[in-house]
Amino acid sequence: MSDRTDSPTEPVCLPTSQLTALVDRLREVGYRVIGPRATDGAIVFDEVESADSIPRGLIDEQDGGRYRLHSSDTAGWFDYVVGPQSVKQFLFPPVETIQEFRRDGASSDWQVNNSPPTAGPTAILGVRSCDVQAVAVQDRVFLHGEYVDPAYKARREQLLLVAVQCRRAAATCFCHSMNTGPRATTGFDLALTELDDVFVIEVGSERGAAVVAGLDASQPCSPELLEQAREQSRRLEQAMRDRPAAIDSEKASVESEIPRPRSMSTDDVHDLLLGNLDHPRWNQVAERCLACANCTLVCPTCFCSSVTEVAELTGDSVRRERSWASCFMGEHSAMSSGVVRQSTAARYRQWLTHKLASWIDQYDVSGCVGCGRCITWCPVGIDLTEEVAAIRETRK
């Protein structure tokens, strides 16, 4: 967790040709740098040693059950939006050892190791506003309650977030509906806005200020460039609220038209869903749902997990592993009397009502940040904004 301040230093400008200087500076002060990489036809997060590893000139086409990357001569460094991965995997890994038990050969006594992981300083470059807000949601789950998760805490304390302000939105984005974007305003250490030939770098923490202080390639920003950066975000948000077609910046247009930009009315969604638990729509969506759990795996806030014990064949060592779980799996609701949620309809209802309703009761915040990943990566293109709208239209 960074030591947040309202304005530890003034924004600076960095030529877009000098992005490697920022990566070098982060590595110089001891951070392992994670950034976007184009792998197997998708944008994923992986370690980068220079800006040469970061794809440039790509844009993404997303819709229900569809994701494609395209090259564009006019696209900049970060004109793709979100891929299947988020910051979650670096704070709450898919599989991790939380305890180890070893038997001392001489005394046959068992030794227990409860130490948290030794997570080195990590900087993640290219985080979008929706994912910055998703980290804040997970902080409430793992850090701000009565019980603090030591493994999450160890990683979070050494994490530096370098956000990128979106210049375009995919058809599956609805962060404007959730008040989580498209502009990151809090929760980051540094935030980059890409203009024609410069990045405007805003500073959100003392750690971020320390990075910028040693960035020799940067220069103070003029008031005109600062206003241009803010206006770019304002135009995108207004376009997301107003336009009835795919949202693209002037600098990076998708070649093919993408239908149906998403939005979702959230004013009464808590009571709407919990007041319609027997709505016929749950059975209708279950006829399409594969219960594959893709939506929970790509979600940047889902935190369900299971714990298993893995023993060595010698019998002298056992490790306790925590791995991601999903409410779409039968064992998620298994009790001594059997599986509680036996139907796909019950499991989808559990996921959606928890994400948009009972999560608010637990953590005083929605579990959805409007990133749209669950729509894009659903094999059959189920759209949660469409499901909420259907229940709203035909509520009892």
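Me: What makes the pairing of Arg-156 with Asp-139 a salt bridge?
Reply: The closest N and O atoms of Arg-156 and Asp-139 are 3.0 Å apart. A salt bridge needs a side-chain nitrogen of Lys or Arg within 4 Å of a carboxyl oxygen of Asp or Glu. The pair therefore qualifies. This is a predicted model: local features need pLDDT of at least 70, side-chain atom pairs count only at pLDDT 80 or more, and totals for chains, interfaces and linings use all residues. Residues are numbered from 1 along each chain as its sequence is written, and side-chain values use heavy atoms, with hydrogens and water left out.

Me: Where do Arg-156 and Asp-139 lie in the chain?
Reply: Arg-156 is in helix α4 (residues 150–156) and Asp-139 is in helix α3 (residues 129–142). They are 17 residues apart. Helices (H or I, at least four residues) and strands (E, at least two) are DSSP runs, numbered from the N terminus.

Me: Does Arg-156 count as buried or exposed, and how do you know?
Reply: Buried means under 20% relative accessible area, exposed over 50%, partly exposed in between (1.4 Å probe, protein chains only). Arg-156 has 5% relative accessibility, so it counts as buried. Asp-139 has 7%, so Asp-139 is buried too.

Me: What do the side chains of Asp-60 and Arg-168 form?
Reply: A salt bridge, at 2.5 Å from N to O. Asp-60 lies in strand β4 (residues 58–63) and Arg-168 in the loop between β9 (159–164) and α5 (175–178), so the pair ties together parts 108 residues apart in sequence. Asp-60 has 0% relative accessibility and is therefore buried. Arg-168, at 1%, counts as buried.

Me: Which side chain does Arg-262 meet in a salt bridge?
Reply: Arg-262 meets Asp-63, at 2.9 Å from N to O. Arg-262 is in the loop between α7 (223–242) and α8 (269–274), while Asp-63 is in strand β4, 199 residues apart. Arg-262, at 3% relative accessibility, is buried. Asp-63, at 13%, counts as buried as well.

Me: How many salt bridges does the rule give?
Reply: The count is 23. Glu-96, Asp-149, Arg-155 and Arg-322 are linked in a salt-bridge network.

Me: Why are α11 and α13 described by that word for their angle?
Reply: Their axes cross at roughly 90° and come within 12 Å. Axes are lines fitted to C-alpha atoms, for helices over the stretch in contact, and angles run from 0 to 180 degrees between N-to-C directions. Under 35 degrees is roughly parallel, over 145 roughly antiparallel, 65 to 115 roughly perpendicular, the rest oblique. So α11 and α13 are roughly perpendicular.
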